[in-house]
Amino acid sequence: MNVGRWALAAPLHCEGELIASPARTVEGLLVSADFQIRLATVADLEVISWHRARMFQDMGELPPDLLESFRAQSFATLHRMLGRGEYVGWLASLENEPGQIVAGAGVQLREVPPHPQTNPNGKIDIVSGRQAIIQNVFTEPKWRRCGLAAFLIERIIDWTRRTGIDSVVLHASDEGRALYERLGFIATTEMRFNGF
């Protein structure tokens, strides 16, 4: 699926590299039409598992000695999840080099039982159904600060609306929190049990 062409805008700069191309603004960041977004397949799991490992490494949560083991475990788990329809991923590549993946993101799908949730108007609703947990948001360092993560998240949100997903959640890194808030995510009360 191609992101298409948009009205000519200012040239896009990523890590000092100029990309002179049509572009569009996504949440105040420029996204070049020189990128394409496509759904991930089983053939992409090697890249996705590396993205996942490097994401946790970049956040300082994965020590170097566990990197390869974590990547291999991620590959095996994502392979099972993709096969069961519990994971959907999107990958961004250069339009003229579709084999060069520069960013990616995905969702884990699950069913949640009814629970109270405050809606945007401040009213409590009872919600349940299919939930998408956004995961594996990663951009190669050279391509960061170009709006690719925002564009991928927007694609995921559009997909969840079209496919009837009832809610979307994510766990934000400190670096990603401002982006997610601009896209409409709010902080919740989730906690994690640390006794295992």
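# Close-up views

**View 1. Strands β6 and β7 run antiparallel and are joined by eight bridges.** This is a predicted model: local features need pLDDT of at least 70, side-chain atom pairs count only at pLDDT 80 or more, and totals for chains, interfaces and linings use all residues. Residues are numbered from 1 along each chain as its sequence is written, and side-chain values use heavy atoms, with hydrogens and water left out. Now back to the picture: β6 and β7 make a hairpin, with two residues between them. Look for Y87, whose bridge partner in β7 is Q108. Strands here are DSSP runs of E with at least two residues, helices are runs of H or I with at least four, and both are numbered from the N terminus. Two strands count as paired if DSSP finds at least two bridges between them.

**View 2. Strand β6 (residues 87-94) is largely enclosed by the rest of the structure, because eight of its eight residues are buried.** Buried means under 20% relative accessible area, exposed means over 50%, and partly exposed is in between, using a 1.4 Å probe and protein chains only. Y87, G89, L91 and S93 point one way from β6, while V88, W90, A92 and L94 point the other way. On another pairing, β5 meets β6 in the antiparallel sense over five bridges, and I37 stands opposite A92 in β6. R155 sits in helix α3 and is buried, with a relative accessible area of 14%.

**View 3. Zoom out a bit and five strands form an open sheet, in the order β5-β6-β7-β8-β9, with mixed pairing.** At the edges are β5 (35-39) and β9 (167-170), each pairing on one side only. Neighbouring strands of this sheet are turned by 30° against each other on average, direction ignored. For such angles, axes are lines fitted to C-alpha atoms (for helices, over the stretch in contact), and angles run from 0 to 180 degrees between N-to-C directions. Inside the sheet, β7 (residues 97-118) pairs with β8 in the antiparallel sense over 13 bridges. Follow that pair and you'll find Q117 opposite D125 in β8.

**View 4. E46 and R71 form a salt bridge, with their closest N and O atoms 3.0 Å apart.** This pair ties together distant parts of the chain: E46 is in helix α1 (residues 45-58) and R71 is in helix α2, 25 residues apart. A salt bridge is a side-chain nitrogen of Lys or Arg within 4 Å of a carboxyl oxygen of Asp or Glu, and by this rule the count comes to eight. E46 is partly exposed at 37% relative accessible area, whereas R71 is buried at 10%.

**View 5. E140 reaches R54 in another salt bridge, with the closest N and O atoms 2.8 Å apart.** E140 is in the loop between β8 (124-139) and α3 (148-162) and R54 is in helix α1, so this pair links distant parts of the chain, 86 residues apart. R54 is partly exposed, at 23% relative accessibility. R84 and E86 also meet through their side chains, at 2.9 Å from N to O. E86 counts as partly exposed at 29%.

**View 6. N136 and R145 show positive phi values without being glycines.** Most residues other than glycine have a negative phi. For N136, in strand β8, phi is near 60°. For R145, in the loop between β8 and α3, phi is about 70°. Buried or exposed: which is N136? N136 is buried, at 3% relative accessibility, while R145 is exposed, at 62%.
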